[in-house]
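Here's a quick tour of the rings and the nonpolar packing in one model. Have the structure open as you read.

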Amino acid sequence: MWECSEDHRLWTFYLRKGVRFHNGRIMTSRDVQATLQRLIDVHSPSIWLYRDIERAEVAGHYCIKFVLHRPNRFFLHLFSCIRMTILPYDYNVANTLIGTGPFQISELNADVLELTAFDAYYGIRPHLDQVHFWFVPDLSPNDRYYELPGTDRLSLTTGCDQTNSINYPALGCQYMLFNFHKEGIHHHPLFRQALRIVYDSVALVRDLGGNRITPASSFLPWRSAAQDWTAASLEHARELLHNCGYQGETVTLSYKHNKDADVAEWFQCRAASIGLNISMQAVVDYFNSEETMNAQLILAEEILEEDWQYGMIHFFKNLSNHFHMCMSHAFQSLLDDKLHHFAKLHRADRTALLDEAEALLRDHCWILHGCHMNKQAELDQSIFGMQIAEFGYLDISKLWIKNL
């Protein structure tokens, strides 16, 4: 339960009693306070979203109050997201993560994450006793396999007699990012306009197909669907390239190894057809900023939370993502000014503001939207209870096995 003052500057939360951490201790308001303080202490990349909080007051074992510097109508979103997952105040989370969810971590190494059902979970106990996530480097990021012990992943094809297959569009899109902290011709707006044509959304979906289902002009599929789409002319891109003073220099494109190679090769080929030299750099550890940020262009993908307004504002203000690391200080300042009063607004006004912020990206070609992706999950025919959760994963707490 929660309540807030009329001016949206005092928020009070009454915690559910009897919620236990995986180590058996009952969660209290002190844990909530400590979780927020931990975000501050570790300089969380998401801390901008919590900047309005003046202090958190423990008002009882199951009551906590947040006093804000200014009104914040977006406050509930900030406490129902992954970043504010409540952690115990008296446990070193560097050892292993302990939460209150339906599964607890029983093993974690470079190859596998093993989860075990938490019998003391405050909600409905998961149907499955254990779930193992194996990290398979050559598996497509858009394909996920949910198997039973003893099954062969290679046999899980599209045969309806073997699997249940579900497809679902991801909330987000693939896109190309310009690294403005690297010198190069990409700082010229006409060059970026030329690349907007080379990395044409319509041609991308038409030529490569597969899980690329629709062209994107936004991270939000319904925004993209409202646009009238026609393929752009490469000849116009050639003219823009000439007008920006391009002299044949090589421009480096960074992409994730075993994920975006086909897109990178397609882009390189289209660029070559208008005289643009693209050097490709495959990155194995995509989140290794030093390796990825060594290029002027970066192929990326953003999958938003189901709470899409939170997902969008987090994309714009997350200090650790590639977008923030690639933007110039001047561009970032424009966005900061645009979004400064975001949390004070009503939902409809927040939507309009996010549209304006994304329009800045399009108008200045700071990023180039590519396409919306379809995710696919293959399940053994004995697995039931498929429900989509955050980031396009299945809610494994709802899965159950028939005849086992």
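## Rings and cores

Searching the whole structure turns up 24 aromatic pairs (Phe, Tyr or six-membered Trp rings with centres within 6.5 Å; planes under 30 degrees apart are stacked, over 60 edge-to-face, the rest tilted). This is a predicted model, where local features need pLDDT of at least 70, side-chain atom pairs count only at pLDDT 80 or more, and totals for chains, interfaces and linings use all residues. Residues are numbered from 1 along each chain as its sequence is written, and side-chain values use heavy atoms, leaving out hydrogens and water.

Take Tyr50 and Phe79: they pair edge-to-face, with 5.9 Å centre to centre and 85° between the planes. Both residues are buried (under 20% relative accessible area, with exposed over 50% and partly exposed in between; 1.4 Å probe, protein chains only). Ring pairs also tie Tyr50 and Phe79 into a cluster with Trp2, Trp11, Phe13, Phe66 and Phe75.

| Charge | Ring | Distance to ring centre |
|---|---|---|
| Arg30 | Tyr89 | 3.8 Å |
| Arg51 | Trp48 | 3.8 Å |

Now the packing. The largest nonpolar core has 92 residues, and Tyr50, Phe66, Phe267, Leu276 and Phe316 touch the most other members. Such a core is a set of buried Ala, Val, Leu, Ile, Met, Phe, Trp, Tyr and Cys residues joined through side-chain atoms within 4.5 Å. A second, separate core of 16 residues includes Val131, Ile383, Leu394 and Leu399.

Terms used
Lys NZ or Arg CZ within 6 Å of the ring centre and 35° of its normal.
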